Amino acid sequence: MSTEFIQITVNYRGSSFPLSLLPDDTLALLQARLEELTSVPPHLQKLLYKGKKANSQAETTIVDAGLKNGVKIQMLGTTSNELGDLQAAEAQKQKRDEILRERALKAPSKLRSTTKAPDSATLSFRFHSIRPLAHLPQPERAVELLERLAHDQAIVHVMRLHRFSVGVLSELAPHEHPHLLGLNENQGQRIRLRLRTEQYDGFRIYKDIRRVLCHELAHNVWGPHNNDFKELNSQLNREVAEFERAQRQGTHSLMGDVDVYEPATEDEVGRGHQRATTAEKRDVGAC
């Protein structure tokens, strides 16, 4: 057994942890030490480093796993507390969705109403579930972003207008597909969006993410990036901008609903129309 230590550095959320390990130490031992340092359980730890060997198991030695002296490791993962918050948020969302489903199925009230209840077709044209990546930092923030996108009234409007239905709205980790900002799988079965910056130290601008979402929604109809796709992509971005402008002027209501969209901030919507007209030029990274 070699007694010469291997020196490695693990970076996690802006902090560096230098560690000394023996060549025969296992990944399980390394992960146990990282749990002590970061509170991230081993099963939620994702280690990224140059020379990583595929199919490494907990019993694999660090040498067999491809770790060498001086290697730098980027670790991703969610702490136990954050996971608990995420599960609580998901439970709350499920409870809220169940309440909304029960209300939709209730018999009409005897009180006279001038509003029209949404029909089953209208309820179909939406995102049927959201799914963050629990092993990445701040999963609760990712949930908030996905929820905001799924219920963005301008997006809801174009989805109903074009009869778009998406099974899952999820996020795309930057290291999975570095050259992509979004991915549409099987024409709407799942749409994945890059929410985070490349260094995982923050989140991208909301309007930029939403513009990529329009790009991916266009893939519900057209697969290749041909002229038909580009025309629809531009149309969706234009309709989003026009919807928001009409809402500010008080001349537009959501299709099949009576809700009125109020933008989160004036700053976010102020450049909506201008950015929509240049969507094709800036969506190079979307797929």
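Ser170 touches Arg131, Leu146, Arg190, Ile191, Arg192 and Leu193, leaving out residues up to four places away in sequence; a contact here means heavy atoms within 4.5 Å. The structure is a predicted model, in which local features need pLDDT of at least 70, side-chain atom pairs count only at pLDDT 80 or more, and totals for chains, interfaces and linings use all residues. Residues are numbered from 1 along each chain as its sequence is written, and side-chain values use heavy atoms, with hydrogens and water left out.

Ser170 belongs to strand S6. Helices (H or I, at least four residues) and strands (E, at least two) are DSSP runs, numbered from the N terminus. With a relative accessible area of 2%, Ser170 is buried; the word buried stands for under 20% relative accessible area, exposed for over 50%, and partly exposed for what lies in between (1.4 Å probe, protein chains only).

Strand S6, which covers residues 168-171, also holds Glu171. Is Glu171 buried or exposed? Glu171 counts as buried because its relative accessibility is 1%. Its side chain reaches the backbone nitrogen of Leu133 at 2.8 Å. The side chains of Glu171 and Arg196 are joined by a polar contact of 2.8 Å. A polar contact is a pair of N or O atoms within 3.5 Å; within protein, one must be able to donate a hydrogen and the other to accept it, and residues adjacent in sequence count only if both atoms are side-chain atoms. Setting aside neighbours within four places in sequence, Glu171 is in contact with Arg131, Pro132, Leu133, Leu136, Ala142, Arg192, Leu193, Leu195 and Arg196.

The view can now widen to the whole protein. Its secondary structure comes to 10 helices and 8 strands. Of its 287 residues, 44% count as buried. Among contacts with a separation of 6 or more, 63% are between residues 24 or more positions apart.

Helix packing comes next. Two packed helices are described by the angle between their axes and the distance between the axes. Helix H6 (residues 206-218) packs against helix H7 (residues 227-249) at an angle of about 135 degrees, and their axes are 8 Å apart. Because of that angle, H6 is oblique to H7. Axes are lines fitted to C-alpha atoms, for helices over the stretch in contact, and angles run from 0 to 180 degrees between N-to-C directions. Angles under 35 degrees count as roughly parallel, over 145 as roughly antiparallel, 65 to 115 as roughly perpendicular, and the rest as oblique.

The crossing of H6 and H7 is right-handed. A crossing is called left-handed if the near helix is turned anticlockwise from the far one by less than a right angle, and right-handed if clockwise. From H6, Lys207, Arg210, Arg211, Cys214, His215, Leu217 and Ala218 meet Phe229, Leu232, Asn233, Leu236, Asn237, Val240 and Glu244 of H7. The residues of this contact divide into 7 nonpolar, 3 polar and 4 charged. In this scheme Ala, Val, Leu, Ile, Met, Phe, Trp, Tyr, Cys and Pro count as nonpolar, Asp, Glu, Lys and Arg as charged, and the others, Gly among them, as polar.

Helix H5 (residues 153-162) also packs with H7, at an angle of about 130 degrees and with the axes 9 Å apart. That makes H5 oblique to H7, and the crossing of H5 and H7 is right-handed. Which residues of H5 and H7 meet? Gln153, Ala154, Ile155, His157, Val158, Leu161 and His162 in H5 meet Leu232, Gln235, Leu236, Glu239, Val240, Phe243 and Glu244 in H7. By class, the contact of H5 with H7 has 8 nonpolar, 4 polar and 2 charged residues.

Glu231 and Ala218 are 13 residues apart along the chain, and their C-alpha atoms are separated by 9.1 Å.

Two further residues complete the picture. Leu30, in helix H1 (residues 27-38), is buried, with a relative accessible area of 0%. Leaving aside neighbours within four places in sequence, Leu30 is in contact with Ile8, Leu19, Leu21, Leu47 and Leu67. Asp64 lies in the loop between strand S3 (46-48) and strand S4 (72-76), and is exposed, with a relative accessible area of 51%. The side chain of Asp64 makes a polar contact of 3.1 Å with the side chain of Thr61. The C-alpha atoms of Asp64 and Pro23 are separated by 8.8 Å, although the two are 41 residues apart along the chain.
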